Amino acid sequence: MMKKQLLIILAGILFAGSFAFQPVHASKIVESDREVNQLDEAGSLAKYHDNNINGKNIKIAILDTGIDTTNRDLTFKKAINFTSADSADSADFTDRNGHGTKIAGIIGARKNGEGLIGIAPSSELYIAKVANDSGKVAFAEVIKGLHWAVQQKVDIINISLEFGKGNEALKEAIDNAVEHDIIVVASSGNIRTEGDTFKAYPGAYPDVISVGMLNVHGQIYADEFKEKKVDVYAPGEDLTSTYFDNKMTLDTGVSYATAYASGYAALVMEDKLSRDDSISRKSLLKTMKADLNQGINGTPWYVYTALVLNIVTVCALLGLVIYALMYHRKTLPKKWPTKTIWIVIASLVFVNVIGRVMVYILSS
């Protein structure tokens, strides 16, 4: 009788734990007190932020339309304006377009109790205004911005801008930055019409990390990005961005996915530096792909492992319940294989513990 009771108790323990250690699912945009966390479909940001990895001491140059200097969520180390021929205007890097302010917020909005928390809120921002107030940009300004970023010894350069063709001087400036061990992250270009697979520069240069866009479900936003053969995908649909008058907006576009990728690269870089790992374009891309592109190839295999464990466990428990009912009604044969049942229960416990711990570790 005691053996039967022990079997039933073990069954209850298995049932209670049959749904433990499920895959960790990421949250959407949520509010924490007065601050908003960025979209984190893959659950990757939390992995770093929870371990206090926020891009500290990583320098990121943003080549764009400038920055809203009055925004309480944004701070920067240095800034310069390359859109005016008048050298006296070099200090006027104020953003009057909004694009640069959004990019800066996605990358590095500060954790200060209000507004938005950026991807790398502790990173150091270097602002180069290379596009004018209407958003128009020329090769010459971007090239100047690249050379300036090299002089500032930044770690990452974000270029959420695009040209429809390449330029020899632009390529030389990119090569120069890469030779100085700077990671250059650039847009692969927005999809304007169905079938639009044009190459956007400087994103199309081989030493640049070109970024494609994911939707809010972590899937590729448009099939055209596959034809572009981008290096990495990042969330770009309905991203929260900083804006004028300390407001926030929801924006969609490859520009914003590029900013997301640059901020994320800063997290990966800080983590690798803390562990004395080597940092290169290849090593950063490997980690970024693993973290950000989880939904592209469908559900990870370990999620199905958890599902199989659940099915097997529930079926085994149902069998045990039937056994208990038969025993209660005294309809069992005298030589019921109790030893076999013990072996089955022990095997279930072992497989569940090992399997669920593995699923939990892999998914987190």
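## Helix packing exercises

The buried residues of α4 are F139, E141, V142, I143, G145, L146, W148, A149 and V150. They belong to a predicted model.

**Exercise 1. Work out the extent of α4 and what its buried residues pack against.**

Solution. 
- Step 1: Find the helix. α4 spans residues 139-151, which is 13 residues.
- Step 2: Check its length. The first C-alpha to the last covers 19 Å, close to the 18 Å expected at 1.5 Å a residue.
- Step 3: List the neighbours of the buried residues. They pack against strands β3 (59-64), β4 (78-81), β6 (124-129) and β7 (156-159), and against helix α5 (168-179).
- Step 4: Look just past the end of the helix. K153 there takes a positive phi of about 55°.

**Exercise 2. Decide whether α4 and α5 are roughly parallel or roughly perpendicular, then describe their contact.**

Solution. 
- Step 1: Take the geometry. The two helices pack at about 15°, with axes 9 Å apart.
- Step 2: Classify the angle. Angles under 35 degrees count as roughly parallel, so α4 is roughly parallel to α5.
- Step 3: The crossing of α4 and α5 is left-handed.
- Step 4: Name the residues. From α4 come F139, V142, I143, L146, H147 and V150; they meet A169, L170, A173, I174, N176 and A177 in α5.
- Step 5: Sort them by class. This contact holds 10 nonpolar, two polar and no charged residues.
- Step 6: Explain the spacing. Residues three or four places apart point the same way, because an α-helix has 3.6 residues a turn.

**Exercise 3. Describe how α3 packs on α7.**

Solution. 
- Step 1: Place the helices. α3 covers residues 99-108 and α7 covers residues 254-274.
- Step 2: Take the geometry. The angle is about 35° and the axes lie 8 Å apart.
- Step 3: The crossing is right-handed.
- Step 4: Name the residues. H99, K102, I103, I106 and I107 in α3 meet S255, Y256, A259, Y260, S262 and G263 in α7.
- Step 5: Sort them by class. The contact has six nonpolar, four polar and one charged residues.

Conventions. Residues numbered from 1 in each chain as written. Predicted model: local features only at pLDDT ≥ 70, side-chain atom pairs only at ≥ 80, totals over all residues. Heavy atoms only, no water. Axes fitted to C-alpha atoms, helices over the stretch in contact; angles between N-to-C directions. Helix = DSSP H or I, 4+ residues; strand = E, 2+ residues; numbered from the N terminus. Left-handed = near helix turned anticlockwise from the far one by under 90°. Contact = heavy atoms within 4.5 Å. Nonpolar A, V, L, I, M, F, W, Y, C, P; charged D, E, K, R; others polar. Expected span 1.5 Å × (residues − 1). Buried < 20%, exposed > 50% of the residue type's maximum accessible area, 1.4 Å probe, protein only. Parallel < 35°, antiparallel > 145°, perpendicular 65-115°, else oblique.
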